[in-house]
Amino acid sequence: MAFSPDGNTLASAGGWDDFTVRLWDVATRQQLKTLIGHTDDVNSVSLSPDGNTLASGSDDDTVRLWDATTGREILTLTGHTDDVNSVSFSPDGNMLASGSGDGTVLLWELAPTLVE
């Protein structure tokens, strides 16, 4: 799970046999959006420092970037050969790190337009 920088939104990984990412309104505890695109369990989520971009890592060996406002998928990052277990944005939001069961950590340089 990951909170948005302002603390108003919570992102959660779907869990066992749930291939979704969910966005929640913290104050009302109501679900805002369900993000669908992964083809296997989602293990990790991270919100960019500005709260506009969400990253998710999955057992489908991919990292997906989402527009946190609209729920639209922006980009799928491939390169791992096993489950993606963790994702984390850099403090400036220009890089994303992903860790995998394949024993690697990949650093992804994000175009500024992806995280603005």
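Modeller: What follows goes from the whole chain to the core and then to one residue in it.

This is a predicted model, in which local features need pLDDT of at least 70 and side-chain atom pairs count only at pLDDT 80 or more, while totals for chains, interfaces and linings use all residues. Residues are numbered from 1 along each chain as its sequence is written, and side-chain values use heavy atoms, with hydrogens and water left out.

The protein has 11 strands and one helix, where helices (H or I, at least four residues) and strands (E, at least two) are DSSP runs numbered from the N terminus. In order from the N terminus, the elements are β-β-β-β-β-β-β-β-β-β-β-α. The protein is as compact as a globular protein of 116 residues, because its radius of gyration of 13 Å is close to the 13 Å from the globule rule; the radius is taken over C-alpha atoms, and the rule is 2.2 Å times the number of residues to the power 0.38. The C-alpha trace spans about 40 × 35 × 20 Å along its principal axes. Of the 116 residues, 43% are buried, with buried meaning under 20% relative accessible area, exposed over 50% and partly exposed in between (1.4 Å probe, protein chains only).

The largest nonpolar core holds 11 residues: Ala-2, Ala-11, Val-21, Leu-23, Leu-35, Val-42, Val-45, Leu-47, Leu-54, Trp-66 and Ala-68. A nonpolar core here is a set of buried Ala, Val, Leu, Ile, Met, Phe, Trp, Tyr and Cys residues joined through side-chain atoms within 4.5 Å. At least two residues of this core come from each of strand 3 (20–25) and strand 5 (42–47). Strand 5 contributes the most, three residues. Another core, of 10 residues, lies apart from this one and includes Ala-55, Val-63, Trp-108 and Leu-110.

Val-45 belongs to strand 5. Val-45 counts as buried because its relative accessibility is 7%. Outside the four places on either side in sequence, Val-45 contacts Met-1, Ala-2, Ala-11, Ser-12, Ala-13, Val-21, Leu-54, Ala-55, Ser-56 and Val-87.

Conventions: Contact = heavy atoms within 4.5 Å.
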